[in-house]
Amino acid sequence: MNHELNNTLKLHRARMNLTQAELADRVGVSRRSINSIERGHFVPSTVLALRLAEVFEIRVEDLFSLAK
């Protein structure tokens with residue numbers, strides 16, 4: 001698990017009633033990638049982080065933060 005980055009991806013995805021597969025389709029990655037990000041096993045690229053934030057209409061900083 002990556003202890004350097006926290007994310008609220010699962011929370012925002014649930015609020016929009018999106019499955020991991022639906023979100024993955026919207027941002028152009030696999031469902032497995034979304035699952036890995038949610039679980040903290042994968043840190044997304046800047047471009048992917050921006051795409052995810054765009055889907056939820058939030059700032060990247062509202063989706064990802066450095067762990068303290």
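A nonpolar core is a set of buried Ala, Val, Leu, Ile, Met, Phe, Trp, Tyr and Cys residues joined through side-chain atoms within 4.5 Å. The views below show a predicted model.

**View 1. The largest nonpolar core has 15 residues.** Leu9, Leu23, Val27, Ile34, Leu52, Phe56 and Leu63 touch the most other members. Helices H2 (20–27), H3 (31–38) and H4 (46–56) each give two or more residues to this core. H4 supplies the largest share, six residues.

**View 2. Contacts of Leu9, a member of the core.** Neighbours within four places in sequence are left aside. Leu9 is then in contact with Leu23, Ile34, Ile37, Glu38, Leu52, Phe56 and Leu63.

**View 3. Helix H2 crosses helix H4.** Their axes come within 10 Å and cross at roughly 115°. H2 is therefore roughly perpendicular to H4. The crossing is right-handed. From H2, Leu23, Arg26 and Val27 meet Leu48, Arg51, Leu52, Val55 and Phe56 of H4. By class, this contact has six nonpolar, two charged and no polar residues.

**View 4. Thr8 sits in the loop between strand S1 (5–7) and helix H1 (9–15).** Its relative accessibility is 28%, so Thr8 counts as partly exposed; buried would need under 20%, exposed over 50%. Not counting residues up to four places away in sequence, Thr8 touches Asp62 and Leu63. Ser65 lies 57 residues from Thr8 along the chain, yet their C-alpha atoms are separated by 8.9 Å.

How values were computed:
Residues are numbered from 1 along each chain as its sequence is written. This is a predicted model: local features need pLDDT of at least 70, side-chain atom pairs count only at pLDDT 80 or more; totals for chains, interfaces and linings use all residues. Side-chain values use heavy atoms; hydrogens and water are left out. Buried means under 20% relative accessible area, exposed over 50%, partly exposed in between (1.4 Å probe, protein chains only). Helices (H or I, at least four residues) and strands (E, at least two) are DSSP runs, numbered from the N terminus. Contact means heavy atoms within 4.5 Å. Axes are lines fitted to C-alpha atoms, for helices over the stretch in contact, and angles run from 0 to 180 degrees between N-to-C directions. Angles under 35 degrees count as roughly parallel, over 145 as roughly antiparallel, 65 to 115 as roughly perpendicular and the rest as oblique. A crossing is left-handed if the near helix is turned anticlockwise from the far one by less than a right angle, and right-handed if clockwise. Ala, Val, Leu, Ile, Met, Phe, Trp, Tyr, Cys and Pro count as nonpolar, Asp, Glu, Lys and Arg as charged, and the others, Gly among them, as polar.
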